[in-house]
Amino acid sequence: AHISGTPISLVALLDNNRNFLKSHFGIPLSESPRDLSFCGHAINSDEPIMIVEDAREDQRFYDNPLVTEFSAVFYAGVPLTSFDGYKLGTLCLYDHVPRTLDSVTINALLNMAKQVEALLHQRYQNSVLITTQQQLLERNQELARFAATVSHDIKTPVCTLKLIADVMSTEYCDILDDKGNAWVK
């Protein structure tokens, strides 16, 4: 918003039915219906940025409630794409008056969108790492329980064998030859 001089800027993530406003400046909303959104058009575009200088004059938006009721006149949106090519949402700007963006502002928005994509990817990777770490912790706990069970299950027969060997070495040492005594010790 500061770079563009617009009163509203958003990072919007889209699903089938809504825009989830992951970050927002200038409006108190945390989500909005996708069927009304400009962002839905921006992520379906093949252009690196979608700019609507005056939505009141655009056939796609002139009767949109965002335009008629909330005075969303200007819109610029850069699609946010995952590292595997899926469009996730937009970095976008709104204003209540028509406007144009110069090339410096457009380039700044494109670069900021790349930073948002990188941060989203990093957050995703952190989430995967946390999940993997939790799974490893649970598996280590399972392994520790298994090891304790195996240790207990082996301990009893080993103790019995040791007791038999002790009895044999003390009670029958004179009957056993040297090789037999070596085995029971």
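**Sheet, covering helix and surface of a predicted model**

Me: In this predicted model, how many bridges join strand β1 to strand β2?

Reply: Strand β1 covers residues 8–14 and strand β2 covers residues 18–25. The two run antiparallel, and L14 stands opposite N19 of β2. The number of bridges joining β1 to β2 is six.

Me: What is the order of the strands in the open sheet?

Reply: The open sheet has six strands with antiparallel pairing. Its edge strands are β3 and β4 (50–52), each of which pairs on one side only. Neighbouring strands of this sheet are turned against each other by 25° on average, direction ignored. The order is β3-β2-β1-β6-β5-β4.

Me: Which residue of β5 is the bridge partner of M50?

Reply: β4 and β5 run antiparallel and are joined by three bridges. β4 spans 50–52, and β5 spans 74–81. The bridge partner of M50 in β5 is G77.

Me: Which residue in the turn of the hairpin formed by β5 and β6 has a positive phi?

Reply: Eight bridges join β5 to β6, and the two strands run antiparallel. T81 stands opposite K87 in β6. Five residues lie between the strands of the hairpin, and the one in the turn with a positive phi, of about 95°, is G85.

Me: Why is β5 largely enclosed by the rest of the structure, and how many of its residues are buried?

Reply: A residue counts as buried at under 20% relative accessible area. Helix α3 lies across β1, β2, β4, β5 and β6, and runs at about 40° to β5. β5 is largely enclosed because, of its eight residues, those that are buried number seven.

Me: Is I175 buried or exposed?

Reply: I175 is placed in the loop between α3 (103–171) and α4 (178–184). With L163, V167 and Y172, I175 makes a nonpolar surface patch of about 410 Å². The cut-off for exposed is over 50% relative accessible area. Because its relative accessibility is 62%, I175 counts as exposed.

Me: With which residues is L36 in contact, leaving aside its neighbours within four places in sequence?

Reply: L36 is found in the loop between β3 (31–33) and α1 (39–44). At 26% relative accessibility, L36 counts as partly exposed. Leaving aside neighbours within four places in sequence, the residues in contact with L36 are N64, P65 and L66.

Me: How many Å apart in space are L36 and N19, C-alpha to C-alpha?

Reply: N19 is the residue of β2 that L14 stands opposite. L36 and N19 are 17 residues apart in sequence. Their separation in space, C-alpha to C-alpha, is 9.5 Å.

Terms used. Residues are numbered from 1 along each chain as its sequence is written. This is a predicted model: local features need pLDDT of at least 70, side-chain atom pairs count only at pLDDT 80 or more; totals for chains, interfaces and linings use all residues. Side-chain values use heavy atoms; hydrogens and water are left out. Patches are made of residues with over 30% relative accessible area and no salt bridge: like charges are joined within 9 Å, nonpolar side chains (Val, Leu, Ile, Met, Phe, Trp, Tyr) within 5 Å. Accessible areas come from the Shrake-Rupley method with a 1.4 Å probe; for residues, only the protein chains shown count as cover. A salt bridge is a side-chain nitrogen of Lys or Arg within 4 Å of a carboxyl oxygen of Asp or Glu. Helices (H or I, at least four residues) and strands (E, at least two) are DSSP runs, numbered from the N terminus. Buried means under 20% relative accessible area, exposed over 50%, partly exposed in between (1.4 Å probe, protein chains only). Contact means heavy atoms within 4.5 Å. Two strands pair if DSSP finds at least two bridges between them. Axes are lines fitted to C-alpha atoms, for helices over the stretch in contact, and angles run from 0 to 180 degrees between N-to-C directions.
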